[in-house]
Amino acid sequence: MDQERIGKWIALLRKEKRLTQEQLAERLGVSNRSVSRWENGRNMPDFSLLWDIARELDVTVPELLNGKRMEKEANVEVLGSVDVLLAWSGREKQSKAKRLGGYFGAGMVCLLLALGQSQFGILSILFPDRADGRLTGTFAVLGIVLELAGFACNRQNALLTRKEIELLSKNAGGVRMRDAQEMLRFAQKYRTTDKKNYRAAFAKVEKELEEGESVIFSAIMEEYSRNEWQMMWHTVLAVTEKRLLIGGERMKGILLPVYETESYLLGDIAKIGRSGSALVIRIPREELKIQAGNADAADQIEKELRKAVGMEHET
């Protein structure tokens, strides 16, 4: 993995998008210095940021790591990038283990010192001018804080498996999914979220799949309306080889949320377009409008949805 080449590639893509380092940093939620270090080849982005960077710069993760656009090049390059990501994931696993060991180890030492001070006054030898109670309390609080920091670190997003990395790396039409978790992971190429509502919506889509039917594209959206009537919230899209599934949350009565899906044959889709940050799908006698959250996400999802349903070159 050529760190310097990747840095120059990030800088070139950023300039093509007419973004300053400050603007890219703001979109990614990092500091200007971080972007500068990537582009100068002094540092690599955190593993968890790769998909966000690729999305902002309009490339795939394999293209980002290979330092060039790949179009329809041999799959071996994509798989090579997957191997790089797995190696990267392993490096982060080691780093995370080191941080965990540091937090838990230091926290345990502080708690043991607090216990030793309360029982035997061992810290009073080192700090004779401090009150016994203050020393005990200080080390006890510090130990608890360090232990909590360790637990917080341990709750960070789990490292990805090869299957999940492949889902995030490939384009529409290149995968086959039947599991709700796989659909959610694929959809996070375009928008990242960990809300249980979307997991529940994809779980409902999974139950609706027929025998032998698999999903080739999925996306996370927001509100969904049909002919301007509000239909669902926390909406998800799933495309199979024969139909479009729209799932999400509906209110049954006043307070009870339920999850449902709607199904439309791909042959009935007359047009796919955009209206601001909304995706607009036209079928006979109906217009489906689904909010994507922002215009950039809507643009990318529209392109990939067109590929998945076979309307890539239609206007």
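The dialogue below goes through several features of a predicted model and how each may be read.

Colleague: What should I keep in mind about this model, and how many helices and strands does the protein chain have?

Modeller: This is a predicted model, in which local features need pLDDT of at least 70 and side-chain atom pairs count only at pLDDT 80 or more, while totals for chains, interfaces and linings use all residues. Residues are numbered from 1 along each chain as its sequence is written, and side-chain values use heavy atoms, with hydrogens and water left out. The protein chain has twelve helices and eight strands, where helices (H or I, at least four residues) and strands (E, at least two) are DSSP runs numbered from the N terminus. Of its 315 residues, 44% count as buried; buried means under 20% relative accessible area, exposed over 50%, and partly exposed in between, with a 1.4 Å probe and protein chains only. Among the contacts in the protein chain with a separation of 6 or more, 55% come from residues 24 or more positions apart, contact meaning heavy atoms within 4.5 Å.

Colleague: How is the packing of two helices described, and what is the case for H2 and H3?

Modeller: Two packed helices are described by the angle between their axes and by the distance between those axes. The axes are lines fitted to C-alpha atoms, for helices over the stretch in contact, and angles run from 0 to 180 degrees between N-to-C directions. For helix H2 (residues 21-28) and helix H3 (residues 32-39), the axes come within 8 Å and cross at roughly 110 degrees. That makes H2 roughly perpendicular to H3, on a scale where angles under 35 degrees count as roughly parallel, over 145 as roughly antiparallel, 65 to 115 as roughly perpendicular and the rest as oblique. The crossing of H2 with H3 is right-handed; a crossing is right-handed if the near helix is turned clockwise from the far one by less than a right angle, and left-handed if anticlockwise.

Colleague: Which residues of H2 and H3 meet?

Modeller: From H2, Gln21, Glu22, Leu24, Ala25 and Leu28 meet Asn32, Val35, Ser36, Trp38 and Glu39 of H3. By class, this contact of H2 with H3 has five nonpolar, three polar and two charged residues, with Ala, Val, Leu, Ile, Met, Phe, Trp, Tyr, Cys and Pro counted as nonpolar, Asp, Glu, Lys and Arg as charged, and the others, Gly among them, as polar. Leu28, which is found in helix H2, is buried, with a relative accessible area of 11%. Not counting residues up to four places away in sequence, Leu28 touches Trp38, Leu49, Asp52, Ile53 and Glu56. The C-alpha atoms of Leu28 and Leu49 are 7.7 Å apart, and the two residues are 21 apart in sequence.

Colleague: How do H10 and H11 cross?

Modeller: The axes of H10 and helix H11 (residues 196-208) come within 8 Å and cross at roughly 125 degrees. H10 and H11 are therefore oblique to each other, and their crossing is right-handed. In this contact, Ala180, Gln181, Met183, Leu184 and Ala187 of H10 meet Tyr198, Arg199, Phe202, Ala203, Val205 and Glu206 of H11. These residues divide into eight nonpolar, one polar and two charged.

Colleague: How is a pair of aromatic rings described, and how many such pairs are counted here?

Modeller: A pair of aromatic rings is described by the distance of the centres and the angle of the planes. Rings of Phe, Tyr and Trp (its six-membered ring) pair if their centres lie within 6.5 Å, with planes under 30 degrees apart counted as stacked, over 60 as edge-to-face and the rest as tilted. By this rule the count is one aromatic pair. The ring centres of Phe186 and Phe217 are 6.1 Å apart and their planes stand at 85 degrees, so the pair is edge-to-face. Phe186 lies in helix H10 (residues 180-187) and Phe217 in strand E1 (residues 215-220), so the pair ties together parts that are 31 residues apart in sequence. Phe186 is buried at a relative accessible area of 0%, and Phe217 also counts as buried, at 0% relative accessibility.

Colleague: Where does Glu228 lie, and is Glu228 buried or exposed?

Modeller: Glu228 is in the loop between strand E2 (224-226) and strand E3 (229-240), and at 56% relative accessibility it counts as exposed. Although Glu228 is not a glycine, it has a positive phi of about 70 degrees. His234, in strand E3, is a residue other than glycine with a positive phi, near 45 degrees.
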